[in-house]
Structures are given as structure tokens and as C-alpha cells.
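Please keep the sequence and the structure in view while reading.

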Amino acid sequence: MAEYSCLIVEDSPMMRQLLVFALARVKNLRVTEADDGVDGLRKLASARYDIIVTDINMPIMDGLKLVKRVRTDPVHKDTPIVIITTEGSQEDRQRALQLGANAYITKPIQAPQVIATVKELLKIE
Amino acid sequence: MTKDNRSRGTNSDAPSTDLRTERDEVLRKFSRGTQLTEDFVREHERMQGRLQDLESENATLRAKVEADQAVRELLKKIERLESEKSELVSQARQAEAATTEFTARVQEVESEFANLANLFVASNQLHSSLSPRGVTRRIKEVLAQLVGAERYAMYLVNPEGEQLIPIASEGVPGNELVPVRIAGTRIGEVLRKGSASVADSDPSQGTLKDPPAVIPLSVDDRVVGTIAIFSTLAQKNKFDQVDFELFKLLGQHAAQALVAASLFAQAEQKLPGLEAFLDLSV
């Protein structure tokens, strides 16, 4: 069975922990955590990931900048990206989708929704 | 021929009466025999025809009987197949029902797991800091990220026990963030009774005057403050079971974590010595 790797980019330790718990329910998915966009890029430079889940609002480098940078990275330019937004930030969501994000999840996040979105993008049954 | 001979011959050729009678009789009988033979032949032919007809009829009947037999066998087979089909359909329905039940159960378990994960993460985060600011930030994070609160404030009761003083908030204008009297207010009522007050209405439409949820904060069975959620995010239009569990968890752990962090800060981050744990008698 194929193994998948996921990079979670989220500055909130609580949200990271919640996402890790949720994605632990997806079989054969290895999860790596990054604190912010810069840390995320560092981890993307050192390994190949099959999917990226990123928050939009983060210090140092936000999710929009990260999406833009990932789409210019030859290794990850086609890697699916899921963004996490709040309902009120429709502009951010639209901008992220225009920059190349593949899906979005609104807060407060629900584990089943996170699992379903990641499975769909990875085409896992 | 002589005349005599002719006369003799005539006389000798002419049969006697007896003979003629006998001849006629033979001829009659012969004719009768011929008639009978012809009749017999006709009858024989008729009988042959009849026999052929009967044989043909017999063959037709036999074929019909065989066909009827085949039809009966086919009908029996159809009946058996119909029975098997009914049984299979019944089994398929049972399997479908079992699958539906199983799927529902899996979803229920997944949902329960997600709720437990939320509670675990919230509890874990509340106790993962020993600075008052860190604990406050985590309480706010639980409210914002897990409950979906958009505007909220946390109050602690003043030493006189008359007012609730706001110590942290989000989305509330500064001029609105004022001490709340315990007497005669809904937030104060929750403090006095020690039980949460959650409205049935859409919490995203809540107001500062009418918060959809007010939670008491306890330390060792003493109610020391409240959290008031004034409104939630637009997509959060009702509180779920897990929210009520989170309210309970916040009520029991938020103030305790805050008090523990304050005491630790007052002790200048010094851990108590071993002697502090020696007389616990457990």
C-alpha cells in the first residue's frame, strides 16, 4: 500500500495538535509539523510531501506567501494544498485559491472534514 | 362340320340346366367374392388410413404431453429460481442494512473520536503553560479555535465579591469591556448559581447584552469567575454536544490553570521543594 506524507504548517500548537490527531486517522499518512511559513519552506526543501495543510494567518510568513512560493517550487508545484481560514476572511480564501490552493477548511475545524478533504485530494479510498 | 355334327354339337355344347345353374351359382359366388374382396380391400385401405391418422394423432399427443412436461419442469425451475432470488434479495437487504448500520456506527465512532480529540487537545493546552499570559492565550485559543467564539470575555470576581472584572477578551470594543455587577445580571447570575447558561438561539447572532453562553469558572468547587461568549463565527449557528463538553472542561480547568500559573509566577518560577510533597499521605 502506498505511503503518503503530509506537511502541516500552523503557528498555533493547539491547532497543530488537533490536525495531527485528525490526520492520524488516515492510514499510511506520515505527518510533519511546521511552526510557520518559513519553517514550512525549510521542510519542503529537505523532503518531498504529497499534501500540504496550511493556516492562512501566521507570523513571519503567512499561508498566502507560502502557497505562492510552493507553486514556484519545481518539486512541489503540483502538490495539493489545503488552506485553513476563518469564515470572515473570504478575500484571503479567494486569493489563496487563485494562487493555487486546492481546497479550504473553515474554522472551527472538524476532524471528519479535514480527513475527507485530505483523502479526496490524495485520492485515497 | 356336318349338319349332324352341328346338330349334335349344338346339342352337346349346350350345357345342361344343372350345369348352367351351377355355373351361374359359381359366377354369382365369384362375383360376390370379388365384391367382398373389393370391400375388404377398401376397408383395409380405410383402416390403414385410420391407423395413420391415429398414429399421427398419437405422435401429436405425445409431443404435446412431452411439451407440457417440459413446461411443467420449466415452471418448477422458475419457481425454484424465484425462491432463490427472493432469498438472495432478502440476504442482500440484510447485508445492506448491516452495512448502513456499520457505516453509521463508524461515523458515530469517528465523530466521538473527533470530540475526544478536541477535549484532549483543549485540556492538554490549558495545562501546557505555567505563565498567566500563556494560560490566558490558550483559553482564548480554545474558545476561538475549538468552540468557534468570535466575541468573548473572561471575568474574575473582585475580592469584595460584588463585581466581575474582565481580564481577557476578543472582539469586544474597549468601551464595552467594563466590570459587570453580580447582582441583577445574567453573567453574575451564572457566578452565583455556579451552572452554565446556554441559549437555544443562533449563537452567531448573539449580542453583548445577551450572550448566548455564559460559563462559570471554578477552582476547587469555588466559582471564581465566568466566561461570556457574546457571539460565534457566522458558520457556527448552534452549540453541539462537544461544545457543552468544552464548556465543562473550561469551567473546571481554565481557572485552575490560571491560578496555578499565577502562583508559579508569584513564586518566581521556583518549583516547590520535595518536602512539599512528603506529607501528602497517599
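Leu217(B) has Gly225(B) in S6(B) as its bridge partner. The model is a predicted one, in which local features need pLDDT of at least 70 and side-chain atom pairs count only at pLDDT 80 or more, while totals for chains, interfaces and linings use all residues. Residues are numbered from 1 along each chain as its sequence is written, and chains are lettered from A and ligands numbered from 1 in the order in which they are written.

Strands S5(B) and S6(B) run antiparallel and are joined by seven bridges. Helices (H or I, at least four residues) and strands (E, at least two) are DSSP runs, numbered from the N terminus, and two strands pair if DSSP finds at least two bridges between them. The hairpin of S5(B) and S6(B) has two residues between the strands, and Asp220(B) takes a positive phi near 50° there. S5(B) is mostly covered, with five of its seven residues buried; a residue is buried if 20 or more other C-beta atoms, placed from the backbone, lie within 10 Å of its own, exposed if 12 or fewer, and partly exposed in between.

S5(B) is also joined to S4(B), by two bridges and in antiparallel fashion. In this pairing Val198(B) stands opposite Ala213(B) of S5(B).

Axes here are lines fitted to C-alpha atoms, for helices over the stretch in contact, and angles run from 0 to 180 degrees between N-to-C directions.

H5(B) has a helical partner as well. Helix H3 (residues 132-147) of chain B packs with H5(B) at an angle of about 170°, the axes being 8 Å apart. H3(B) is therefore roughly antiparallel to H5(B), a description that applies to angles over 145 degrees, whereas those under 35 count as roughly parallel, 65 to 115 as roughly perpendicular and the rest as oblique. Among the residues that meet are Ile139(B), Val142(B) and Leu146(B) in H3(B), and Leu250(B), Ala254(B) and Leu258(B) in H5(B). Two residues are in contact if their C-beta atoms, placed from the backbone, lie within 7 Å.

H3(B) also takes part in the meeting of the two chains. In total, 18 residues of chain B are in contact with 16 residues of chain A. Helix H2 (17-126) and H3 of chain B are the elements that give two or more residues to the side of chain B that touches chain A. The largest share of that side, eight residues, comes from H2(B).

Chain A itself contains five helices and five strands, and from the N terminus on its elements run β-α-β-α-β-α-β-α-β-α. Of its 125 residues, 42% count as buried.
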